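Student: I am new to this one. Please show me the structure, and then I will ask about it.

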Amino acid sequence: SDAYAFEQEQPWYVRLPITAACLALLGFLVFSLASMIAAPYFQIVPTYIEIPELGWVEGTLFPSSCVFKGIRYGVAERFQPPESAPPWKPRTLSARDYKPA
């Protein structure tokens, strides 16, 4: 056809960006489809454990691990020996993010 012949007459530096753009679009579409298919298997959901002396802790359940961040097990003034952290019962401690020291 005339369009194919016109495209073949173009120099390589004109055809290359068009080909690269088409491949990038195809890659994006394949990645988007794969992400939609795999999304249910990579959900990040809350999980809970109980520390008997302190109370319940809410963490994050990833596909391969449970993560609990920022749990205080001791409290101390500067240059003093630590003491046990006060219990947070009956509330649930959120350990999904780091907390200030």
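Here are some questions and answers on this structure.

Tutor: This is a predicted model, where local features need pLDDT of at least 70, side-chain atom pairs count only at pLDDT 80 or more, and totals for chains, interfaces and linings use all residues. Residues are numbered from 1 along each chain as its sequence is written, and side-chain values use heavy atoms, with hydrogens and water left out.

Student: Which residue does glutamate 58 meet in a salt bridge?

Tutor: A salt bridge needs a side-chain nitrogen of Lys or Arg within 4 Å of a carboxyl oxygen of Asp or Glu. The structure holds 1. Its N to O distance is 3.6 Å, and the partner of glutamate 58 is arginine 96.

Student: Is glutamate 58 buried or exposed?

Tutor: Buried means under 20% relative accessible area, exposed over 50%, and partly exposed in between (1.4 Å probe, protein chains only). Glutamate 58 has 17% relative accessibility, so this residue counts as buried.

Student: How does phenylalanine 79 count, buried or exposed?

Tutor: Phenylalanine 79 has a positive phi of about 65°, although it is not a glycine. Its relative accessibility is 74%, so phenylalanine 79 counts as exposed.

Student: Which residue does a cis peptide bond join to lysine 89?

Tutor: Omega is about -5° at this bond. The residue joined to lysine 89 is proline 90.

Student: How many residues make up the largest nonpolar core?

Tutor: Such a core is a set of buried Ala, Val, Leu, Ile, Met, Phe, Trp, Tyr and Cys residues joined through side-chain atoms within 4.5 Å. Members here include Leu54 and Trp88. The count is 7.
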